[in-house]
Amino acid sequence: MTDGGDGQGIRPSGNNTYTVWGDLSLPCGITIPEGATVNVPWGTSITVPPSFSLTNNGTVTGDGSLKGEGFVTNNGTMSVAHNEFMASVYAHTSDSSAAYGDGVYLYADVTKPAGGPMSGRTVTFYRGTVAEENQLGEPEAVNGYGYARASIQLTEEGWKPSETAYTIIAVYTPPETSTMIESSGSCTITVTKAGQSLSSPTASQVTATSVTLNAVTGTGYGEVTYACVKGKGAPTPASDSDEWQASPKFTDLEPGTTYTFFARCAADEYYDEATSSAEITTERADSALTVEPSSAKLTYGDTLTVKVTPGIATSNGVGALDTAQGTVELKMGDAVLASAGTADADGSFKLTYDTKEKRLPIGEDLTLTVTYGGSGALNPAEETVTLTLDKAILKNVPSVSGNFVYGETLTANYRKQDDETVTYQWYRSGEIISSATEASYTPTAEDIGKNILVEVIATDEWHGGRIRSTERMVSKAPGGIEISCDSVAYGEAVRPIVSSTTNTGADVTFSYAGTGGTSYGPSAAAPTAPGTYAVTATVAETATHTGATSEPVSFSIARPYVPPVSPSGPDWGDVDDELAGAERGGRVVVDMDGETVLPGEVLGELAGRDVTLVLEMEGGVSWEIWGGDVPAGVPFDDLDMGVETGTDGIPVEVTNLVTGEAGVVQVTLAHDGEFGFAMTLVAPLGEKNEGLHANLYCYDEAAGLLRWETSGVVSDDGTARLRLDHASQWAVALDSRSHALPFPDAAEGEWYSEPLRWAWLSGVVAGYGDGTMGPGRAVTRAEAAAVLWNAAGQPESDAAAPPADVPSGEWYSAPVAWALASGTFAGNGDGSFSPSGELTREQAACVLHNRARAAGEDVSARADLSEFADAASVSAWASDAMSWAVAEGVISGTGDGLLEPGRAIARSELCATLMSLELRG
């Protein structure tokens with residue numbers, strides 16, 4: 001331990017470790033022994049005065065300073081942060097990474113401890129560690145700029161390429177007279193593999209199917225191999241690809257094809273792999289053609305198809321090609337009949353010629369030429385095809401339209417084959433009718449009882465033969481007679497007149513019968529008693545016409561005139577008085593005595609009072625008007641209260657929709673429009689109908705249907721009380737049940753009320769188990785099949801095996817079987833039915849269209865769907881059926897002008913479509 005006074009010195013701080021305190025100036029020369037460590041902390045220093053020396057055989061370290069003008073000898077390790085006895089050495093290279101074999105410069109920048117370049121003496125460079133065997137060249141002098149440079153070559157085993165960088169150490173040796181000691185710096189350099197170069201491959205021999213390359217030359221050191229890839233600019237094969245070979249000769253190549261040839265020098269520890277390439281095209285080969293068929297016998301109208309397969313001509317025939325290019329032509333002389341420029345997948349070309357082009361003569365032995373224009377791989381070639389072309393024989397059997405009766409025109413129907421030219425010849429029982437050579441013929445009297453047919457004869461050069469229709473016998477024409485007969489007064493003779501008849505000269509007889517309430521005949525004698533009658537005339541058969549009977553013609557014989565007695569009618573003054581004196585809850589009964597008009601003043605007297613006015617009309621009909629229903633203070637016009645029962649103003653197809661067990665009675669009121677109050681019609685419906693429900697329907701003429709209004713029960717006197725507030729044509733359906741909708745979720749007065757009522761009454765649909773109808777519920781395909789099956793009367797069907805998703809024993813099994821067998825449903829493409837799938841509106845249109853067509857109805861009507869905004873969303877397969885459905889009013893658009901073809905159809909909508917179909921017949 002040394003002590004410089006004032007707390008300065010070197011003091012022990014551990015095992016063979018010492019620490020400098022303060023700024024220590026050595027009082028004498030000292031030696032730091034081997035194994036000892038002296039730490040110079042930051043803020044402390046060691047000063048070596050002139051004439052003293054510091055010899056380090058151990059370690060001197062720390063962030064402090066070593067300074068002075070004495071002498072320092074370093075035989076150990078010295079790393080004091082501020083050392084005035086050591087220069088700073090910055091080592092670096094010209095390239096941080098270089099390839100094996102490259103030349104590299106090593107640099108050392110030597111700087112004085114206080115800054116500025118250090119000149120004099122040398123820098124020696126080492127690889128890895130400072131050892132003589134690792135020295136890189138001779139020491140290099142440090143110039144006046146403090147700069148030293150060495151040049152080395154990265155060769156030999158010591159510079160083997162590696163991912164691990166080599167360490168370069170630059171050691172600066174100061175002049176011998178300097179108080180400085182040796183110092184060093186380091187850097188790194190990475191050595192990579194060197195590249196190689198090869199010349200591009202060249203060919204020593206090229207044939208149609210082989211190429212031999214010259215050996216390549218270059219700077220490579222590895223084994224040279226070769227590869228070949230079809231095509232221009234092909235990518236280099238992978239190093240481990242089996243396309244590489246030692247031989248420069250390549251065989252089994254395609255003629256006239258460009259290949260990319262590669263040469264490769266293999267990689268080793270010092271050099272990367274090197275490749276070069278060149279494009280070489282093989283020679284074109286002689287071609288040969290395989291032609292199928294080589295001969296053919298055709299009929300006009302046939303299409304000649306020739307398969308031509310180009311290949312390589314070999315000693316054994318035709319060699320196959322991977323691909324075929326070029327153009328093939330079929331010629332007759334110089335005229336090109338067909339050509340093809342694109343080969344099929346099997347390498348063949350298809351030449352097609354339609355004989356309808358009429359470029360080949362009929363009946364000659366022809367030799368056609370097939371030419372191949374060659375390609376990049378093949379030279380041109382040609383072959384021949386022999387053929388004959390015969391006339392086409394008539395094939396389509398003619399038919400005859402029209403009735404085979406005397407005087408009616410028959411027309412030959414013959415569907416020509418393309419451009420046929422034909423004539424016609426009619427035959428009578430095997431004999432030619434010489435004058436009948438047109439497409440139409442009208443049978444004469446001579447043809448009656450004989451068989452007639454037409455023969456079609458080919459007349460152009462491309463067709464031949466003749467063909468006959470089926471013969472049928474001509475019969476007499478239906479006879480006809482029309483008559484007229486005027487009505488006469490009692491005592492006048494009845495004189496029917498023959499207006500026209502086809503049976504000229506034949507006998508005519510008349511027959512008379514009574515009509516309506518008149519009982520008479522049938523009799524050949526004309527009636528004489530008053531009444532209504534019908535007369536028919538029968539004309540006898542002639543040589544050309546059958547006998548015939550006319551339509552009945554009505555006439556009447558008038559009764560003697562008796563002046564009518566005008567009805568006296570009630571005394572309305574008395575009625576007013578009786579009403580005025582009636583007590584609360586009283587009834588005033590008026591015998592209308594043939595009168596039908598109720599004065600408005602009477603209604604004014606009755607208005608607002610608890611009195612009932614009863615009007616007894618003819619035929620057992622009566623009206624009951626309660627004064628409480630008649631608004632007071634309102635002036636009333638006279639009302640015609642006339643009632644006529646048993647009328648026929650409502651079409652029968654409409655009344656059939658609601659006909660009950662005991663039929664329908666039509667009622668017509670004389671008044672037109674609203675009454676202004678409600679009243680009760682007491683209608684005589686017959687005592688036999690006691691206990692039945694009288695269901696009152698109002699006829700909506702614009703909609704063409706009946707709308708239910710109310711129901712009443714027929715009492716024991718045969719009358720039913722029906723309350724109504726307006727005049728109309730009415731229908732009373734007598735049934736064992738009320739026609740009021742019994743479903744809590746199906747209201748009266750809705751657009752769907754009548755379709756649901758019809759479907760329920762007719763048994764087409766039924767409610768659900770909970771008593772509801774579900775008018776807005778989507779219809780499944782199984783439900784639709786069941787509804788249509790019910791509408792058809794639940795017929796039996798001889799259906800094939802049901803679809804897999806329609807098991808037997810289900811409630812919908814029989815309906816689905818019938819729907820598929822009848823063509824109403826078609827099922828899905830995969831053979832399934834999807835019973836639980838919802839039926840869309842466009843599918844419903846198709847199903848209803850199928851059903852109508854199967855029933856023999858006219859389904860020709862079509863509508864323009866473009867008026868609907870979503871017409872384009874109708875599927876192509878449903879467009880025709882939807883057009884029909886809209887045209888017939890079976891399906892209509894929604895309120896916003898849409899068809900909504902893809903929306904599921906509701907139960908109420910399906911009932912409406914079915915009722916529309918029922919109405920149209």
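**Helix packing and cores**

Me: Are helix 7 and helix 8 roughly parallel or roughly perpendicular to each other?

Reply: This is a predicted model, in which local features need pLDDT of at least 70, side-chain atom pairs count only at pLDDT 80 or more, and totals for chains, interfaces and linings use all residues. Residues are numbered from 1 along each chain as its sequence is written, and side-chain values use heavy atoms, leaving out hydrogens and water. The axes (lines fitted to C-alpha atoms over the stretch in contact, angles from 0 to 180 degrees between N-to-C directions) of helix 7 (residues 841-854) and helix 8 (residues 879-887) come within 8 Å and cross at roughly 75 degrees. Angles of 65 to 115 degrees count as roughly perpendicular, so helix 7 and helix 8 are roughly perpendicular.

Me: Which residues of helix 8 make the contact?

Reply: Contact means heavy atoms within 4.5 Å. Helix 7 contributes Arg841, Glu842, Ala845, Cys846, Leu848, His849 and Ala852. From helix 8 come Ala881, Met882, Trp884 and Ala885.

Me: How many residues are in the largest nonpolar core?

Reply: Such a core joins buried Ala, Val, Leu, Ile, Met, Phe, Trp, Tyr and Cys residues through side-chain atoms within 4.5 Å, where buried means under 20% relative accessible area (1.4 Å probe, protein chains only). Among the members touching the most others are Met882 and Trp884. The core has 64 residues.

Me: How many residues of helix 4 are buried?

Reply: Helices are DSSP runs (H or I, at least four residues), as are strands (E, at least two). The buried residues of helix 4 pack against strand 58, strand 59 and helix 9. Helix 4 is largely enclosed by the rest of the structure, because its buried residues number nine of the nine.

Technical notes:
Buried means under 20% relative accessible area, exposed over 50%, partly exposed in between (1.4 Å probe, protein chains only). Angles under 35 degrees count as roughly parallel, over 145 as roughly antiparallel, 65 to 115 as roughly perpendicular and the rest as oblique.
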